[in-house]
Amino acid sequence: MKDRIPKNASGNGRGETTGRNGELLIADDFLVARLGLGTMRLTGKGIWGEPADRNEAIRVVRRAAELGVNFIDTADSYGPYVSEGIIAEALYPYPEGVVVATKGGLERPGPDQWVENGTPEHLKSACESSLRRLRLDRIDLYQLHRIDPKVPVEHQLGALKDLQAEGKIKHIGLSEVSVRQLQHARTIVPIASVQNRYSVTDRGSEDVLDYCEQNDIVFIPWFPLAAGQLTGVDSPLRRVAAQKNATPSQVALAWLLARSPVIVPIPGTSKVAHLIENVAAATMTLTEDEFNTLNQMGGESAI
């Protein structure tokens, strides 16, 4: 695999960064800190029902905002409906500059079960419900959670375009798409962001990330810490972390921030202590050697 040089340096357009790991401009509109908060884990087991400690979940969201995290990602399917309600309870009235991004297009028949529903009727109803739960007049970034293979994509994105025209959503994003799907979607509506699974050990969306960087589209990696895959005894991640007196998770987030100026990681947690640890990763700088050592963890999938 070809070495990549860390890309913390300032860029332009939607990928413009400032400071160390800096800020990023979404769709030439919203300036957000480059480390966001994912809220899927602010629910019960199987991403179903209430969290074990709702008060702690509320504290996580509030503390994130206090620490300067102003990009918060959620979805109506988290709970379902639980995560959005916690965000509103924690932050409403929202501090200036906070951007809440939510998603629609998945239904939840039960714990750990996800079913696409991209009919225009469902998407419009889902957006209206999210507006009510989040206590917003407009959703700044509304993402199609999955493209429903049963419904023409023109109908799905057409529904979001209608919502945009009505002033109910500002920008449109996609989730789990290929380059081909993204290219086609952009012939229908402007796309501000893509949210695909991606981490230092999971590079299956490398081509999508490269396309996003080339076209100034924000790339939001979900599952950015890849759970236990990061912390094997002989992991390069663990070795770099030991050298920097940091945790493997912090180094994994620092690698993402260095990988591309259009990346906004959204690590999630249900504990304030873990949140503080994650946010600290935004101040970490990797050397070129450290970055390239970690880059090899992607193996053949990173080619």
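Q: What makes a set of grid points a cavity?
A: On a 1 Å grid over the protein atoms alone, a cavity is a set of points where a 1.4 Å probe fits but cannot get out; its volume is the space filled by probe spheres set on the points, which are joined across faces, edges and corners. In this predicted model, local features need pLDDT of at least 70 and side-chain atom pairs count only at pLDDT 80 or more, while totals for chains, interfaces and linings use all residues. Residues are numbered from 1 along each chain as its sequence is written, and side-chain values use heavy atoms, with hydrogens and water left out. The structure holds 1 cavity of 30 Å³ or more, and the largest cavity holds about 30 Å³ of space.

Q: What makes up the lining of the largest cavity?
A: Lining residues have an atom within 4 Å of a point; here they are Leu35, Gly36, Leu37, Val69, Pro267, Leu275, Asn278 and Val279. Helix 9 (residues 272-280) gives the most, with 3 residues. Helices (H or I, at least four residues) and strands (E, at least two) are DSSP runs numbered from the N terminus. By class, the lining has 6 nonpolar, 2 polar and no charged residues; Gly counts as polar.

Q: What makes a set of points a pocket?
A: A pocket is an open set with protein on both sides within 12 Å along at least five of seven lines. The largest pocket has a volume of about 470 Å³. Its lining has 23 residues, of which Met40, Arg41, Trp222, Phe223 and Pro224 are the closest to its centre. The lining divides into 11 nonpolar, 7 polar and 5 charged residues. The second largest pocket holds about 170 Å³; of its 12 lining residues, Ala33, Leu35, Leu67, Val279 and Ala282 are the closest to the centre.

Q: Why is Val177 called buried?
A: Buried means under 20% relative accessible area, exposed over 50%, and partly exposed in between (1.4 Å probe, protein chains only). Val177 has 5% relative accessibility and therefore counts as buried. Val177 lies in the loop between strand 9 (169-175) and helix 5 (179-185). Beyond its neighbours within four places in sequence, Val177 is in contact with Ile147, Leu182, Val194, Asn196 and Val208, where contact means heavy atoms within 4.5 Å.

Q: What makes a set of residues a nonpolar core?
A: Its members are buried Ala, Val, Leu, Ile, Met, Phe, Trp, Tyr and Cys residues joined through side-chain atoms within 4.5 Å. The largest such core has 53 residues, and Leu157, Leu160, Leu182, Phe219, Val251 and Leu294 touch the most other members. Helix 8 (residues 248-259) supplies the largest share, 7 residues. Another core, of 22 residues, lies apart from it and includes Val60, Ala64, Ile72 and Ala90.

Q: How do you know that helix 2 is mostly covered?
A: Of the 10 residues in helix 2 (residues 82-91), 8 are buried: Val82, Ser83, Glu84, Ile86, Ile87, Ala88, Ala90 and Leu91. Their cover includes helix 1 (54-66), strand 4 (71-73), strand 5 (99-104) and helix 3 (120-134).

Q: Which pLDDT values does the protein chain have?
A: pLDDT is the predictor's confidence in each residue, from 0 to 100. The chain averages 90, and 89% of the residues score at least 70. Over residues 1-20 the pLDDT is below 50, although this stretch has 59 contacts in the model beyond near neighbours in sequence. Where pLDDT is low, the predicted coordinates should not be read in detail.
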